[in-house]
Amino acid sequence: MRTTGSREVYRNPWIRVREDTVERVDGSTGVYSVVEKPDFAVVIAAERDGFWLVEQFRHPVGRRAWEFPQGTWTAGSSGTAEELARAELAEETGLRAGRLEHLGHADLAPGLSTQEFDVWLATDLTPGPTAREVTEADMVAAFTPEAELRAMVRDGRFTDGPSLAAWALLLLRRS
């Protein structure tokens, strides 16, 4: 498949949507809508046989959601993937990681978006102040024992896709 044209449909400081005209291998043509967003970090903050989770209201699904701390650089900021992981962990939970291990890299939704993410395991944690963005004012951080996280996954209280992918990478690392 090859792209024969592209046009911007929408843009704001956090997202760009483009529409690509494509020619398929068989010669037929089509249109793909592509969401462009910056890559992000997901951080599994682990200690005492459990994890630090955050909960916040997620407007697109219309409800509060539990997830591992995660996010991307604010417009105008940049750094390495590891620096981003450290910044998001501190911003959302106030925790600082003495040790940060890269667990893997994944595509968020390759049929729809360019966005990818790195997964990090944070250990040797020390508390500090949070620095949440205004959009995170309602965020709550809570320590959750692993047995409770497993129950949350089973009964549908922990449904964030990137967080579930991150946990799968942690379980693979452990095996």
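Helices (H or I, at least four residues) and strands (E, at least two) are DSSP runs, numbered from the N terminus. The model is predicted: local features need pLDDT of at least 70, side-chain atom pairs count only at pLDDT 80 or more, and totals for chains, interfaces and linings use all residues. Residues are numbered from 1 along each chain as its sequence is written, and side-chain values use heavy atoms, with hydrogens and water left out.

**View 1. Gln 115 in the loop between β8 and β9.** Gln 115 is found in the loop that lies between strands β8 and β9. With a relative accessibility of 8%, Gln 115 counts as buried (under 20% relative accessible area; exposed is over 50%, partly exposed in between; 1.4 Å probe, protein chains only). Its contacts (heavy atoms within 4.5 Å), not counting residues up to four places away in sequence, are Lys 37, Pro 38, Asp 39, Phe 40, Asp 107, Leu 108 and Ala 109.

**View 2. The whole chain, for orientation.** The chain has three helices and ten strands, and along the sequence these follow the pattern β-β-β-β-β-β-β-α-β-β-β-α-α. Taken along the principal axes, the C-alpha atoms fill a box of roughly 55 × 35 × 30 Å. Of the 175 residues in the chain, 37% are buried. Among contacts between residues at least 6 apart in sequence, 56% join residues at least 24 apart.

**View 3. The annotated segment, residues 35-166.** An unreviewed UniProt entry places the feature "domain: Nudix hydrolase" at residues 35-166. UniProt positions are given in the numbering used here, feature names are shortened, and annotations may be inferred rather than shown by experiment. Over residues 35-166 the chain is 21% helix and 42% strand, with the end C-alpha atoms 22 Å apart.

**View 4. Helix α1 and its cover.** Helix α1 spans residues 81-93, which is 13 residues, and reaches 18 Å from its first C-alpha to its last, close to the 18 Å expected at 1.5 Å a residue (the expected span is 1.5 Å times one less than the number of residues). The buried residues of α1 are Leu 84, Ala 85, Glu 88, Leu 89, Ala 90, Glu 91, Glu 92 and Thr 93. An α-helix has 3.6 residues a turn, so residues three or four places apart point the same way. Cover for the buried residues of α1 includes β4 (40-47), β5 (50-58), β7 (70-71), β8 (96-107), β9 (116-126) and β10 (140-145). Just after α1, Gly 94 takes a positive phi of about 85°.

View 5. The largest nonpolar core has 18 residues, of which Ile 44, Phe 51 and Phe 68 touch the most other members (a nonpolar core is a set of buried Ala, Val, Leu, Ile, Met, Phe, Trp, Tyr and Cys residues joined through side-chain atoms within 4.5 Å). At least two residues of this core come from each of β4, β5, β8, β9, α2 (146-154) and α3 (161-174). Strand β4 supplies the largest share, four residues. Not counting residues up to four places away in sequence, Ile 44 touches Phe 51, Phe 68, Leu 103, Val 119, Trp 120, Leu 121, Ala 122, Ala 166, Trp 167 and Leu 170. A second, separate core has 13 residues, including Trp 52, Ala 97, Leu 100 and Leu 125.

**View 6. Aromatic pairs at Phe 68.** The count of aromatic pairs comes to four (rings of Phe, Tyr and Trp, the last by its six-membered ring, pair if their centres lie within 6.5 Å; planes under 30 degrees apart count as stacked, over 60 as edge-to-face and the rest as tilted). Phe 51 and Phe 68 form an edge-to-face pair, with 5.9 Å centre to centre and 80° between the planes. Phe 51 lies in strand β5 and Phe 68 in the loop between β6 (63-67) and β7, so this pair ties together parts that are 17 residues apart in sequence. Phe 51 counts as buried at 1% relative accessibility, and Phe 68 is buried with a relative accessible area of 0%. Phe 68 also forms an edge-to-face pair with Phe 158, with 5.5 Å centre to centre and 75° between the planes. That pair links distant parts of the chain, as Phe 158 is in the loop between α2 and α3, 90 residues from Phe 68. Ring pairs link Phe 51, Phe 68 and Phe 158 into a cluster.

**View 7. Val 42 in strand β4.** Val 42 lies in strand β4 and counts as buried at 0% relative accessibility. Leaving aside neighbours within four places in sequence, Val 42 is in contact with Phe 68, Pro 69, Gln 70, Phe 117, Asp 118, Val 119, Trp 120, Pro 162 and Ala 166. Tyr 32 is ten residues from Val 42 along the chain, and the C-alpha atoms of the two are separated by 28 Å.
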